[in-house]
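Dear colleague,

Please find below the structure that I am handing over to you. I would be grateful if you kept it open while reading the notes that come after it.

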Amino acid sequence: MMNQAMEKTRTPEEYDEELEAQDQGPLSRWVNFTVDDETYALNVLDVQEVLRDAEITPIPGAPDAILGIINLRGNVVTVVDARTFFGLEEKGWDENSRIMVIEVASGEIVGLVVDSVAEVIALPQTVVDQAMMAVADDRARHILGIVPQDEKLIILVDMKSLSDISAT
């Protein structure tokens, strides 16, 4: 039984090779995270780091989705609540909560508070491209697409929309 479990464990490189061997084209990597029991993903190239905790200083008069700012190694970073941004019910900070430090379209660095960060996955670019074509509704402007993964759906998030938050 132990041998079966060991046989199923693959390195990321082996997984990539297996997917490429299935002729699904080049791969892109995505960081999975959860908000309100839904699985979302950001392109790994947009994620600079993930923080367990930080002291957030509130900004009076800021839009509801902006929790405040943090000092990240001498840089001021705006912190956005993903739940409020996506129009979901508020939730307090817990041991699984994380701040994903990401770069938005304007080049600005933003901290995105999420319920948890799970893993980095590799998706064939053809799957991502097909998912992007499937979402054309203006109400879903924050969503790049939706891809099936195992027995769940992963919502690919559009980073450009985060730079519009001050206009909300």
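This is a predicted model: local features need pLDDT of at least 70, side-chain atom pairs count only at pLDDT 80 or more; totals for chains, interfaces and linings use all residues.

**The open sheet**

Five strands make up an open sheet, in the order β8-β1-β2-β10-β9, and their pairing is mixed. At the edges lie β8 (116-124) and β9 (143-149), each of which pairs on one side only. On average, neighbouring strands of this sheet are turned by 35 degrees against each other, direction ignored. Within the sheet, β1 (residues 27-35) pairs with β8 in the antiparallel sense, over 7 bridges. To find this pairing on your screen, look for Arg29, which stands opposite Ala122 in β8.

**Strand β7 and its partners**

Another partner is β6 (residues 98-103), which pairs with β7 in the antiparallel sense over 6 bridges. In that pairing, Arg98 stands opposite Val114 in β7. Strands β6 and β7 also form a hairpin, with 5 residues between them. In its turn, Gly107 has a positive phi of about 90 degrees.

**The aromatic rings**

A pair of aromatic rings is described by the distance of the centres and the angle of the planes. The count for this model comes to 3 aromatic pairs. In one of them, Phe33 and Tyr40, the ring centres are 5.6 Å apart and the planes are at 15 degrees; planes under 30 degrees apart count as stacked, so this pair is stacked. Both residues are covered: Phe33 is buried, with a relative accessible area of 0%, and Tyr40 counts as buried at 7% relative accessibility.

Tyr40 also pairs with Phe86: their ring centres are 4.8 Å apart and their planes are at 5 degrees, so this pair is stacked as well. Which parts of the chain does this pair tie together? Tyr40 lies in strand β2 (residues 38-43), whereas Phe86 lies in the loop between α3 (82-85) and β6, so the pair ties together parts that are 46 residues apart in sequence. Taken together, ring pairs link Phe33, Tyr40, Phe85 and Phe86 into a cluster.

With kind regards

Notes: Residues are numbered from 1 along each chain as its sequence is written. Side-chain values use heavy atoms; hydrogens and water are left out. Two strands pair if DSSP finds at least two bridges between them. Helices (H or I, at least four residues) and strands (E, at least two) are DSSP runs, numbered from the N terminus. Axes are lines fitted to C-alpha atoms, for helices over the stretch in contact, and angles run from 0 to 180 degrees between N-to-C directions. Rings of Phe, Tyr and Trp (its six-membered ring) pair if their centres lie within 6.5 Å; planes under 30 degrees apart count as stacked, over 60 as edge-to-face and the rest as tilted. Buried means under 20% relative accessible area, exposed over 50%, partly exposed in between (1.4 Å probe, protein chains only).
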